[in-house]
Amino acid sequence: MEQIVHCILILVLSIFSMKGAMGSINTNRLMNPRTMTFVEAQCRRTRYQELCVRTLSNYVNSTSQDPQEIAQVALKVSLAKAINTKYYIMKVCKEFNQINKGNHKNNNQAAKDCLDQISDGVSQLTNSVKELQHLSLDGERAFEWHQSNVQTWLSTVLTDAYTCMEGMNNLGHVSMVSYKVKAMIKAKVLNVAQVTSNALALFNGFAARHKASHHVGYGKSKP
């Protein structure tokens with residue numbers, strides 16, 4: 001799974017180009033100790049700290065000291081994992097469509113509902129990545145408007161993920177094959193929720209630090 005996500009992330013980074021990002025995609029490299037200390041400090045604000053450190057140490061620029069870059073990488077990792085999960089559930093739906101009988105009918109509907117929710121999550125994460133890039137382009141007075149958008153979209157991703165998992169939990173008796181598929185979907189979606197929760201916390205940390213260092217009157221209306 002990590003190799004697939006890694007490939008998707010490279011594609012995501014190539015689409016949403018970020019200074020130094022492509023050169024930093026090397027999970028075998030050693031991170032600058034000062035940067036690792038910085039990453040660990042940033043991750044203390046997240047709910048899943050070990051996952052945060054592991055993810056960022058794999059993908060953030062090895063010399064980064066920039067909270068915005070860290071937030072951007074965290075968002076792109078979430079997007080890559082959501083895309084991977086979306087295509088896995090699409091594969092499951094296709095397999096259930098071919099069976100399409102007995103308990104598999106209920107399983108198929110639950111998987112389709114989950115696919116809709118994760119697809120929405122992919123859209124929200126894509127919007128969030130673009131929005132964070134616009135922060136440095138639209139000027140300081142538009143900052144809070146962009147900030148509110150990202151926070152709303154990431155909260156929606158979390159809601160979609162937990163709704164999907166709840167739908168999986170509400171399934172009745174399933175065959176052993178479907179049970180394994182159900183468990184895999186839940187595991188993948190949970191991982192999307194966890195990295196997105198971390199990304200939201202990192203974004204909030206960046207936004208708070210940015211606003212504290214820029215004494216500008218903010219307003220939610222975009223100029």
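Where is asparagine 170 found? Asparagine 170 sits in the loop between helix 7 and helix 8. The model described here is predicted.

**Overall make-up**

- Read from the N terminus, the elements of the protein chain follow the order α-α-α-α-α-α-α-α.
- The protein chain has an accessible surface of about 11,200 Å². Carbon and sulfur atoms account for 52% of that surface.

**The largest nonpolar core**

- In soluble globular proteins, nonpolar side chains tend to be buried together.
- The largest nonpolar core here holds 51 residues. Those that touch the most other members are Leu56, Ile89, Cys114, Ile185 and Val189.
- Two or more residues of this core come from each of helix 3, helix 4, helix 5 (67–99), helix 6 (103–134), helix 7 (143–169) and helix 8 (176–213).
- Helix 5 supplies the largest share of the core, with 14 residues.
- Isoleucine 89 is in contact with Ala111, Cys114, Leu115, Ile118, Ile185 and Val189, when residues up to four places away in sequence are not counted. Of these partners, Cys114, Ile185 and Val189 are also named among the core residues that touch the most other members.

**Helix 3 against helix 4**

- Helix 3 covers residues 33–43 and helix 4 covers residues 49–59. Their axes come within 9 Å and cross at roughly 145 degrees.
- The crossing of helix 3 with helix 4 is right-handed.
- On the helix 3 side, the contact is made by Met36, Val39, Glu40 and Cys43. On the helix 4 side, it is made by Gln49, Cys52, Val53, Leu56 and Ser57.
- Sorted by class, the residues of this contact are six nonpolar, two polar and one charged.
- Leu56, which takes part in this contact, is also one of the residues listed for touching the most other members of the largest nonpolar core.

- Threonine 35 is placed in helix 3. It counts as buried because its relative accessibility is 1%, under the 20% cut-off.
- Leaving out residues up to four places away in sequence, threonine 35 touches Asn61, Ser62, Thr63, Ser64 and Gln65.
- Aspartate 66 belongs to the loop between helix 4 and helix 5. With a relative accessibility of 35%, aspartate 66 is classed as partly exposed.
- Aspartate 66 and threonine 35 are 31 residues apart along the chain, and their C-alpha atoms are separated by 9.5 Å.

**Serine 197**

- Serine 197 is part of helix 8. Its relative accessible area is 16%, so serine 197 is buried.
- Apart from its neighbours within four places in sequence, serine 197 has contacts with Arg47, Tyr48 and Leu158.

**Asparagine 170**

- Is asparagine 170 buried or exposed? Asparagine 170 has 59% relative accessibility and therefore counts as exposed, the cut-off being over 50%.
- From C-alpha to C-alpha, asparagine 170 and alanine 110 are 9.0 Å apart in space. In sequence, asparagine 170 and alanine 110 are 60 residues apart.

How values were computed
Residues numbered from 1 in each chain as written. Predicted model: local features only at pLDDT ≥ 70, side-chain atom pairs only at ≥ 80, totals over all residues. Heavy atoms only, no water. Axes fitted to C-alpha atoms, helices over the stretch in contact; angles between N-to-C directions. Helix = DSSP H or I, 4+ residues; strand = E, 2+ residues; numbered from the N terminus. Left-handed = near helix turned anticlockwise from the far one by under 90°. Contact = heavy atoms within 4.5 Å. Nonpolar A, V, L, I, M, F, W, Y, C, P; charged D, E, K, R; others polar. Areas by Shrake-Rupley, 256 points an atom, 1.4 Å probe, with all protein chains shown as cover. Core = buried A, V, L, I, M, F, W, Y, C linked by side-chain atoms within 4.5 Å. Buried < 20%, exposed > 50% of the residue type's maximum accessible area, 1.4 Å probe, protein only.
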